Amino acid sequence: MAEIISLSETLTALMREKGTNPTALAAAIGRNRTAVRDIMIGKSRNPRRDTIEKLAKALDVPVERLISAGVPPDQEERLVSAFRRLPKDVQERHLALLEE
């Protein structure tokens with residue numbers, strides 16, 4: 001079975017890789033240090049889409065790298081395939097939920 005990597009683990013690893021810290025990253029995305037720290041420790045498990053986009057931009061990684069955190073790699077393709085089979089209006093409603 002594939003290992004599941006959480007958003008908090010992914011974010012922490014990327015920060016280490018990029019040589020940044022919660023304070024610097026928070027400043028780069030216009031949030032406070034606590035918001036970044038909450039994601040890092042798993043307290044905030046479902047941050048808003050705009051926060052994820054800002055984190056990805058600040059860390060210079062595709063947003064998908066953060067969004068797919070926590071999904072086993074072998075299941076990600078199945079999820080995308082299932083989503084694409086949904087009627088367009090259902091897809092749009094689900095995508096709109098990500099914007100909230």
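Of the contacts in the protein with a separation of 6 or more, 58% join residues 24 or more positions apart. Contact means heavy atoms within 4.5 Å. The model is predicted: local features need pLDDT of at least 70, side-chain atom pairs count only at pLDDT 80 or more, and totals for chains, interfaces and linings use all residues. Residues are numbered from 1 along each chain as its sequence is written, and side-chain values use heavy atoms, with hydrogens and water left out.

**Overall make-up**

The protein has seven helices and zero strands. Its elements run α-α-α-α-α-α-α from the N terminus. Helices (H or I, at least four residues) and strands (E, at least two) are DSSP runs, numbered from the N terminus. Buried residues make up 29% of the 100 residues. Buried means under 20% relative accessible area, exposed over 50%, and partly exposed in between, with a 1.4 Å probe and protein chains only.

**The core**

The largest nonpolar core has 17 residues. Such a core is a set of buried Ala, Val, Leu, Ile, Met, Phe, Trp, Tyr and Cys residues joined through side-chain atoms within 4.5 Å. Leu11, Met15, Leu25, Val36, Leu55, Leu59 and Leu66 have the most contacts inside it. H1, H2, H3, H4 and H5 each give two or more residues to this core. Val36 touches Leu11, Met15, Pro22, Leu25, Ala26 and Ile29, not counting residues up to four places away in sequence.

Two packed helices are described by the angle between their axes and the distance between the axes. Axes are lines fitted to C-alpha atoms, for helices over the stretch in contact, and angles run from 0 to 180 degrees between N-to-C directions.

| Pair | Angle | Axis distance |
|---|---|---|
| H2 and H3 | about 115 degrees | 8 Å |
| H1 and H3 | roughly 120 degrees | within 7 Å |

H2 (residues 22–29) packs against H3 (residues 33–40). Pro22, Thr23, Leu25, Ala26 and Ile29 of H2 make the contact with Arg33, Val36, Arg37 and Met40 of H3. By class, this contact has six nonpolar, one polar and two charged residues. Ala, Val, Leu, Ile, Met, Phe, Trp, Tyr, Cys and Pro count as nonpolar, Asp, Glu, Lys and Arg as charged, and the others, Gly among them, as polar.

In the second pair, Leu7, Ser8, Leu11, Thr12 and Met15 in H1 meet Val36, Ile39 and Met40 in H3. This contact of H1 with H3 has six nonpolar, two polar and no charged residues.

Asn32 lies in the loop between H2 and H3. It counts as partly exposed, because its relative accessibility is 47%. The C-alpha atoms of Asn32 and Pro22 are separated by 8.8 Å, with the two residues 10 apart along the chain.

The buried residues of H4 (residues 49–59) are Thr51, Ile52, Leu55, Ala56 and Leu59. They lie on the same side of H4, because they cover an arc of only 135 degrees around the axis. The arc is that of the directions from the helix axis to the C-beta atoms. H1 (7–18), H2, H3 and H5 (63–67) are included in what covers these residues.

Most residues other than glycine have a negative phi. Asp60 is not a glycine, yet takes a positive phi of about 60 degrees. Asp60 counts as exposed, because its relative accessibility is 64%.
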